[in-house]
Structure formats: C-alpha cells, structure tokens
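Look at the sequence and the fold together, and keep both in view while reading. The paragraphs below go from the whole chain down to single residues.

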Amino acid sequence: MTQPKHLTQGQQAEDNALAYLEQQGLKLVERNVRYPFGEIDLIMMQGQKWIFIEVKYRQSKQFGGAIQAISRGKIDRLRRAASHYMQRHNIDAQCRFDVVAIDASEINWITDAF
C-alpha cells in the first residue's frame, strides 16, 4: 500500500528536519508522539533542555510558506501535548518550542518560536 504523496513529503520533511537538528547538536528523544488532543513531531534535547518541535513543509512560498501554516490552534494543541508528555514522564525541566519550517529545500529553524 502506498501512502498519499502529501504524507510521504511530510515524512521526508521530518526526516530532513531531524538530520538538520542532529547536525546542530540536538539529540532525538522521540518522534511523532500522538495524543487525542495533539501531536508532537519531534522531541529532542539540547543539553538539559527539552525541545518540542513542530515541522512544517510547503513546496513553495506561493501561499505564505511553511511558517504561515502554523495556526493558533496548532500551537495550543502542541503546548497541551507537550505539557501532558512532561507530566506523564515526570519531567521537571526547562523546555522550549521550536519550529522547523521547510519551504522546498530551504530549512529555517526558529528557536523559542512560541
């Protein structure tokens, strides 16, 4: 069974984002953590800091680009999922929310995005 093209492109974008972030020194903890109320694309560590990462991909910037595709609702769902993840794993540490916006092959890593 083949996946729809947009799912394959999204998976490839997450793979590219992960490789890029690992090159920057971040370490992968988990990926594609899903709860009924939200999803976290990548959970990584940078030193002792937990980083919850949203990856957005767009083929072009024609309709605003990847960063413009992150809605207030998406931010709220990511925050809720991250809070639940930290409670569930008894994590009492600093965290931040980053975005990796990929437009075609251009990668933009936005730290402390929200």
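Predicted model: local features only at pLDDT ≥ 70, side-chain atom pairs only at ≥ 80, totals over all residues.

Residues are numbered from 1 along each chain as its sequence is written, and side-chain values use heavy atoms, with hydrogens and water left out.

The protein has two helices and five strands. Here helices (H or I, at least four residues) and strands (E, at least two) are DSSP runs, numbered from the N terminus. Read from the N terminus, the order of elements is α-β-β-β-α-β-β. The radius of gyration is 14 Å, close to the 13 Å that the globule rule gives for 114 residues, so the protein is as compact as a globular protein of that length. That radius is taken over C-alpha atoms, and the globule rule is 2.2 Å times the number of residues to the power 0.38. Along the principal axes, the C-alpha atoms fill a box of roughly 40 × 30 × 30 Å.

Of the 114 residues, 36% are buried. Buried means under 20% relative accessible area, exposed means over 50%, and partly exposed lies in between (1.4 Å probe, protein chains only). Contact, another term used below, means heavy atoms within 4.5 Å. Among contacts between residues at least 6 apart in sequence, 52% join residues at least 24 apart.

Now the sheet. The five strands form an open sheet in the order β1-β2-β3-β4-β5, with mixed pairing. Two strands pair if DSSP finds at least two bridges between them. β1 and β5 (106–110) are the edge strands, each pairing on one side only. From one strand to the next, the twist averages 25°. For such angles, axes are lines fitted to C-alpha atoms, for helices over the stretch in contact, and the angles run from 0 to 180 degrees between N-to-C directions.

β1 and β2 run antiparallel and are joined by seven bridges, with V33 opposite I40 in β2. The hairpin that joins β1 to β2 passes through two residues. Further across, β3 and β4 pair in the parallel sense over nine bridges. Here K56 stands opposite A101 in β4, and E54 has V99 as its bridge partner in β4. β4 and β5 run antiparallel, joined by five bridges; I102 has I107 as its bridge partner in β5. The hairpin of β4 and β5 has two residues between the strands, and in this hairpin A104 takes a positive phi near 55°.

Why is β4 described as largely enclosed by the rest of the structure? Eight of its nine residues are buried, so the rest of the structure largely encloses β4.

Next comes helix α2, which lies across β1, β2, β3 and β4 and runs at about 60° to β2. α2 has 17 residues and reaches 24 Å from its first C-alpha to its last, close to the 24 Å expected at 1.5 Å a residue. The expected span is 1.5 Å times one less than the number of residues. The buried residues of α2 are K74, I75, L78, A81, A82, Y85 and M86. Seen down the axis of α2, these buried residues fall within an arc of 135°, so they line one face of the helix. The arc is that of the directions from the helix axis to the C-beta atoms. The face turned away from the buried side carries the exposed residues R72, R80, Q87 and R88. What covers the buried residues of α2 includes β1 (27–35), β2 (38–46), β3 (49–58) and β4 (95–103). Just after α2, N90 takes a positive phi of about 50°.

K74, in helix α2 (residues 72–88), is buried with a relative accessible area of 15%. Neighbours within four places in sequence aside, K74 is in contact with E39 and E54.

Is A17 buried or exposed? A17 is buried, with a relative accessible area of 0%. Leaving aside neighbours within four places in sequence, A17 is in contact with L42, V55, V100 and I102.
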